[in-house]
Amino acid sequence: MLRYFLENGLINITDKHPKNWEEAIRVSGEVMKKNKLVTDQYIDQVISDVKEYGPYIVIVPGVAMPHSSAENSGVLGTGIGLTIMPEKVSFEDGNPEKDAKLFFMLAAKDHDTHVKNIANLSDMLMEDEMVDDLLKVKTMDDYRNVMKKHNM
């Protein structure tokens, strides 16, 4: 799956320092917009969903999976984009369990593909040391080294 991000131009190791989680979601959407997978409407809906339901997108400490429903008209295609922030972004003041540095934005044209993408991503993140290794990535060379280590 790490190769997927690289081969499809869906990885962004950004030097932008978002001032809050909303801006971080917008930054994570840039790679998806560039690849014509989502519009600003989708990104706005993700932000609205987090405001309404809380930081459900932070699936484990350090990792966020921004997504909204497959029915959103801002979804143009199916894919997952990975944005690595230079530092962790807080989604809930005083709760480091809800900080994220790795942002995997998902978009899918149908529910079944959406669920499958979440499952595949979850499987990858459960690999030993995967999250810790990705949290240390600062350059594309670092990223390629993680790919080699995990044979992905």
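N117 lies in helix 4. Helices here are DSSP runs of H or I with at least four residues, strands are runs of E with at least two, and both are numbered from the N terminus. At 12% relative accessibility, N117 counts as buried. Buried means under 20% relative accessible area, exposed means over 50%, and partly exposed is in between, with a 1.4 Å probe and protein chains only. Leaving out residues up to four places away in sequence, N117 touches T78, I80, L106 and A107. Contact means heavy atoms within 4.5 Å.

A word on the model itself. It is predicted, so local features need pLDDT of at least 70 and side-chain atom pairs count only at pLDDT 80 or more, while totals for chains, interfaces and linings use all residues. Residues are numbered from 1 along each chain as its sequence is written, and side-chain values use heavy atoms, with hydrogens and water left out.

Now take the whole chain. The protein chain has 6 helices and 5 strands. Along the sequence they follow the pattern α-β-α-α-β-β-β-β-α-α-α. The radius of gyration of the protein chain is 14 Å, close to the 15 Å that the globule rule gives for 152 residues, so the chain is as compact as a globular protein of that length. That radius is taken over C-alpha atoms, and the globule rule is 2.2 Å times the number of residues to the power 0.38. Along the principal axes, the C-alpha atoms fill a box of roughly 40 × 35 × 25 Å. Of the 152 residues, 49% count as buried. Look at the contacts in the chain with a separation of 6 or more: residues 24 or more positions apart account for 67% of them.

Next, follow single residues. I13 is in strand 1, which covers residues 11-13. I13 is partly exposed, with a relative accessible area of 23%. Which residues does I13 touch, not counting those up to four places away in sequence? They are I84, V137, K138, T139, M140 and Y143. I13 and L102 are 89 residues apart in sequence, and their C-alpha atoms are 9.6 Å apart in space.

V27 is found in helix 2. V27 counts as buried, at 5% relative accessibility. Setting aside neighbours within four places in sequence, V27 is in contact with N12, T14, K16, T83 and M85. V27 and H111 are 84 residues apart along the chain, and 25 Å separates their C-alpha atoms.

Helix 2 also has a partner. Two packed helices are described by the angle between their axes and the distance between the axes. Helix 2 (residues 21-34) packs against helix 3 (residues 40-53) at an angle of about 150°, with the axes 10 Å apart. That makes helix 2 roughly antiparallel to helix 3. The axes are lines fitted to C-alpha atoms over the stretch in contact, and angles run from 0 to 180 degrees between N-to-C directions. Angles under 35 degrees count as roughly parallel, over 145 as roughly antiparallel, 65 to 115 as roughly perpendicular and the rest as oblique.

Which residues meet in this pair? From helix 2 come W21, E22, I25, R26, G29 and K33. From helix 3 come D40, I43, D44, V46, I47, V50 and K51. By class, this contact has 6 nonpolar, 1 polar and 6 charged residues. Here Ala, Val, Leu, Ile, Met, Phe, Trp, Tyr, Cys and Pro count as nonpolar, Asp, Glu, Lys and Arg as charged, and the others, Gly among them, as polar.

K36 sits in the loop between helix 2 and helix 3. Its phi is near 55°, a positive value in a residue other than glycine. Is K36 buried or exposed? At 62% relative accessibility, K36 counts as exposed.

E129 also has a positive phi, near 70°, and is a residue other than glycine. E129 lies in the loop between helix 4 (111-125) and helix 5 (130-135). E129 is partly exposed, with a relative accessible area of 47%.

H150 lies in the segment after helix 6 (140-149). At 10% relative accessibility, H150 counts as buried. Apart from neighbours within four places in sequence, H150 is in contact with E127, D128, E129, M130 and D133. H150 and M130 are 20 residues apart along the chain, with 7.7 Å between their C-alpha atoms.
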